[in-house]
Amino acid sequence: MEERFNFTVSRADTFPHTDERSDLKYHDKYVIHYDFGDIDNESAISEFHSICESLESLGLQLEVRAGEDQSLLIFVRSPAELLSNEIYKSRVKDWLYGITQTQPQVDKNSKAQVANSTFEAESLLCVYHLVTWSKETGGAGISIDSGKWKGLKAVFPIHNEPANRRLLTHLSKSLFLSKKDLDEIRDLFGSKVAFYFAYMQTYLLFLSFPSITGILAWVFLPKYSFIYAIITLVGCTVFLEYWKILQADLSIRWDVRGVASLKANRPNYRYEKIFVDSSGRKNYYYPKWKSFARQLLQIPFFALCLATLGVIITGAFAIEILVSEAYQGPYQSYLEYVPMLILAAALPYINSLLEDTASWLAEFENHRTQDYYEMSVTQKLFLLSFIVNYLPILLTAFVYVPLGNQIVPWLESHLPGTLGANLDQNFFQRDPDRLRNEVIALTVTGQLSDMFEEMILPRVMYRLRSWYHAWKAYRSHQASFNAISPDDPTEKSFLRRVRRQASLPPYNVQDDISEMVIQFGYLALFAPVWPLVSVGFFINNWIELRSDFLKICIEHQRPDPTRTDGIGPWIHSLDALTWLGSISTAAIVHMFSTDISRSDTILGRALGGASWWSLPITIFASEHIFLFLRAVVRFVLQGIGSEEVRRERHERYHRRRKFMDELEAAHRAKQLLDVGAVQRRKSVRQADVDIFWTKQVEHGASADVGVSLIQALAKASKSKADKKST
């Protein structure tokens, strides 16, 4: 009788509450997902043997189990002795490169003590290095980026689901995250992911300030308030400078400051030759002029992106304005939304294509380390996101409102008979509220769209993918692993979860950081347009701070616990947005606080002239006020200092003081000589070639000679004085 296949997806597969393997440890294991469905059997067998031999040659332990479809799961475990040795070497290297200040002990029990004092992410990082680093740097070279293994689909650690569930329960009950919570995230996922949550937490706390001031500005202040613009600019500046200090503080707390100096070469870094320098260090050489020449391709790429996205967005924007403001024909209320709907549907595909091109270009630039590669990709993605997210608002603010009465009739005149009768310039009436509506539409729909893409769509896609795999397995005429080698009943639930994790996409923290940076840009650039925008951001981010942790736990493979000392190049993007915000908010307040055609703006009233010519003066003054404000805030915050920096300074002082005290104690011990040693020293001094040093050999003789000279001089002076008196 044919067995019926169960198409349902168990909740235990999503976030299990029980585990029949209660003694399971996660700190020393990695999983390699090998899919041989598209490879001939001979090549698959040869490649699989090579992978296993590379891993076992390092002393790693392997267990192979069946995966989904035509795939295998290679469970890799590092023995305790090997793992302890790798952790110890890692800490010694950190000390040698100045990342940590404490020298690891070198006694017999030091390695065992290091292994006992480690946290889960640190142990997993050592296993990750053993598996993925090249053989030249002490690893097995099993990496997807190397391109060597055709069937290699994923290399990932196993989710520690009890720890995930415990921490998620705690986070859901906490209003804000403490440093202890951030430490636990670091212990679980590594510093790279922990820095994202630290930034989110700091940004969320900062949003409470513009949320309160935004509500007050909405109730009591006029539209496009100059006062609220200044308050927001000050808040953004203080937040960014404070985050820089906190980032350095956490990098010291987590022992990752300057960790970029330890980064290994990327597996697909292409070098021309290898040479050994005078210190015996092996260097991989690639000419700098070639790297520079390849990076010059960024210029035409950026120009192409700006032209492509600019033309598409500007065209859709122009048609929308023409339809909404000038068209008087049928279905006007429906047609005005068509251009933006088409744009909204097309932009994700266009943006995805350009992002793939940006990633390819960054790969073509041949960066040596992963940090440099991510910096290059980040710069390109930031520019693309800036154009896509901010260009419609900038067009509304600086093109539509001030020049609409010239542009709309010109557009209509070039579309005769399409949108109705020709219009003169007096027909068009500008809508200053359109800028506010544009900001509201883009921010609100953007937050809802991101929430849908991150919280709902992945779960739906996972359900569909699970049903598809079940249907495919049920309809397949090939032999199944379940029939050939059924799972051990004690491993069945565990293997089901690992197979599910193998089918999940890897987690990229850069995507989440990019989303928060773009959101910060809306606040820095356009806060005076709609003061309540920060309230929506605060509510969204409070939810997302928890949902992102849940997303990592159930919708992605566990991230590799790689180390970094901050959020990377995104800090420069935040700097750029804050600087641009000082210009954008000043221009918006200048133009929209009153009618642009009149001279009763703030600067216009002060100078008694038209607002157009005074706009550059407003921008210039605002920018220099921002630069002065940033310098003052930076000086004040650096004067307050960092708790971890002070702690590190005190520890460094105590180490130096302890070392000097030990030297002094050793010196004093040498002064306590026995009689024989004193006689030997006296004999050596009496035999000195320089006779000058042989006249006061006895202990205390020099003091006696000095005292006798003083007394003799005093006696001679007294006798001389007595003679004079007589």
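## Cores, a hairpin and helix packing

The largest nonpolar core here has 94 residues, and Phe197, Tyr199, Tyr203, Phe520, Phe526, Phe549 and Ile567 have the most contacts inside it. Helix α14 (residues 370–413) supplies the largest share of this core, with 14 residues. This is a predicted model, where local features need pLDDT of at least 70, side-chain atom pairs count only at pLDDT 80 or more, and totals for chains, interfaces and linings use all residues. Residues are numbered from 1 along each chain as its sequence is written, and side-chain values use heavy atoms, leaving out hydrogens and water.

**Confidence**
- Mean pLDDT (the predictor's confidence in each residue, from 0 to 100) is 79 for the protein, with 80% of residues at 70 or more.
- Residues 1–18 have pLDDT below 50, and this stretch has 37 contacts in the model beyond near neighbours in sequence.
- Residues 595–610 stay under 50 too, with 27 contacts beyond four places in sequence.

**Cores**
- A nonpolar core is a set of buried Ala, Val, Leu, Ile, Met, Phe, Trp, Tyr and Cys residues joined through side-chain atoms within 4.5 Å.
- Buried means under 20% relative accessible area, exposed over 50%, and partly exposed in between (1.4 Å probe, protein chains only).
- Leaving out residues up to four places away in sequence, Phe526 touches Tyr390, Ile393, Leu394, Val439, Gly521, Ser584 and Ile588; contact means heavy atoms within 4.5 Å.
- Another core, of 30 residues, lies apart from the largest one and includes Ile51, Val131, Ile142 and Val155.

- Strands β2 (residues 61–66) and β3 (residues 71–77) run antiparallel, joined by six bridges; strands pair if DSSP finds at least two bridges between them.
- Val64 has Ile74 of β3 as its bridge partner.
- Four residues sit between the strands, and Asp69 in this hairpin takes a positive phi near 50°.

**Helices**
- Helices (H or I, at least four residues) and strands (E, at least two) are DSSP runs, numbered from the N terminus.
- In α7 (residues 179–189), the buried residues are Asp181, Leu182, Asp183, Ile185, Arg186, Leu188 and Phe189.
- Their cover includes α5 (120–132), α6 (161–173), α8 (191–220), α9 (226–253) and α19 (533–555).
- Gly190 follows α7 and has a positive phi, near 95°.
- The α6 and α19 axes come within 10 Å and cross at roughly 170°, so α6 is roughly antiparallel to α19.
- Axes are lines fitted to C-alpha atoms, for helices over the stretch in contact, with angles from 0 to 180 degrees between N-to-C directions; under 35 degrees counts as roughly parallel, over 145 as roughly antiparallel, 65 to 115 as roughly perpendicular and the rest as oblique.
- Asn164, Leu167, Leu168, Leu171 and Ser172 of α6 make the contact with Arg546, Phe549, Leu550 and Cys553 of α19.
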